[in-house]
Amino acid sequence: MSSSQFDHKLSGPSLAFQPLYQQVAEYIKQLIVERRWQPGEMLPSEFKLADEFKVSQGTVRKALTLLTDTKIVTRRQGVGTFVSEHTAQDALFRFFPLQADGKGADLPKAELISKELVEPSETVQLALALAAKDKTVKIKRRRILENEFCMLETIFLPSKMFSDIEKREDIPHTLYHFYQTDYNQTVFKTRDSIKAVLASKSDAKNLGVEKGTPLLLVTRVTESIDGKLIEYRESKCRSDHYHYQVELD
């Protein structure tokens, strides 16, 4: 229903031909992007949202179900619907799939190696849809599991979205929660590509392995809730007694 009071506020291509509940879901997502409701905050009741948007409660309920399925909001039985928040626990189960053999999931620590402002390589430009003149922040760090280095990460962020992050001295282990709370960039999707590589001399030194040791190279492109490409990272993972585990919904 393109004549609804909220339809004209939606950004991007027209949603006039989508079902009304999808239009409502898109509008609620836009309000979350605009920080009307903060991460972890409870949304108004279905009744109040229906009254505000001038639609039925059934339409709002279907919209919230769609947003729940895509993990934009979280429903708590008997309590209400909340804006999803990237806590450390959430990051553990959704975004860090490397595990020690024979062990359960464990949240790794991170040791920062360097952070600097750099010009993007062609690979980074393509991954993040950047121009050659755009600046990126490059963060290098090592991940620690079972008291040993298990992963070497090189992370690239568009500087325009993460202003002065390279000057921060308080960059935490869990980045996605940090992106959300400090830079209003909520991770929505990640796309990982995995291939086998051999450790270079530099990799070997950083991970405490022999040069030529088999590693898993995981390249990741991360998209925000509003469709922006916000992170490109290359992770080199030890495979001698670690494995990459992914659970599909």
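**View 1. Arg76 and the ring of Phe82.** In this predicted model, the charged end of R76 is placed over the ring of F82, at 3.8 Å from its centre.

**View 2. Lys29 and the ring of Phe188.** K29 is found over the face of F188. The distance from the ring centre is 5.9 Å.

**View 3. The aromatic pair F162 and Y183.** The count of aromatic pairs in the model comes to 6. In the pair formed by F162 and Y183, the ring centres are 5.4 Å apart and the planes meet at 50°; the pair is therefore tilted, since stacked planes would be under 30 degrees apart and edge-to-face planes over 60. F162 belongs to the loop between β6 (148-158) and α6 (175-183), whereas Y183 belongs to helix α6, so the pair ties together parts that are 21 residues apart in sequence. F162 is buried, with a relative accessible area of 0%. Y183 is likewise buried, with a relative accessible area of 13%.

**View 4. The aromatic cluster that includes F162 and Y183.** One aromatic cluster is formed by F162, Y176, F178, Y179 and Y183. Among its members, F162 has a relative accessible area of 0% and Y183 one of 13%.

View 5. T186 is located in the loop between α6 and β7 (187-198). Its relative accessibility is 16%, so T186 counts as buried, the limit for this class being under 20%. When neighbours within four places in sequence are left aside, the residues in contact with T186 are R35, H86, Q180, E223, S224 and I225.

Methods: Residues numbered from 1 in each chain as written. Predicted model: local features only at pLDDT ≥ 70, side-chain atom pairs only at ≥ 80, totals over all residues. Heavy atoms only, no water. Phe/Tyr/Trp six-rings, centres within 6.5 Å; stacked < 30°, edge-to-face > 60°. Helix = DSSP H or I, 4+ residues; strand = E, 2+ residues; numbered from the N terminus. Buried < 20%, exposed > 50% of the residue type's maximum accessible area, 1.4 Å probe, protein only. Lys NZ or Arg CZ within 6 Å of the ring centre and 35° of its normal. Contact = heavy atoms within 4.5 Å.
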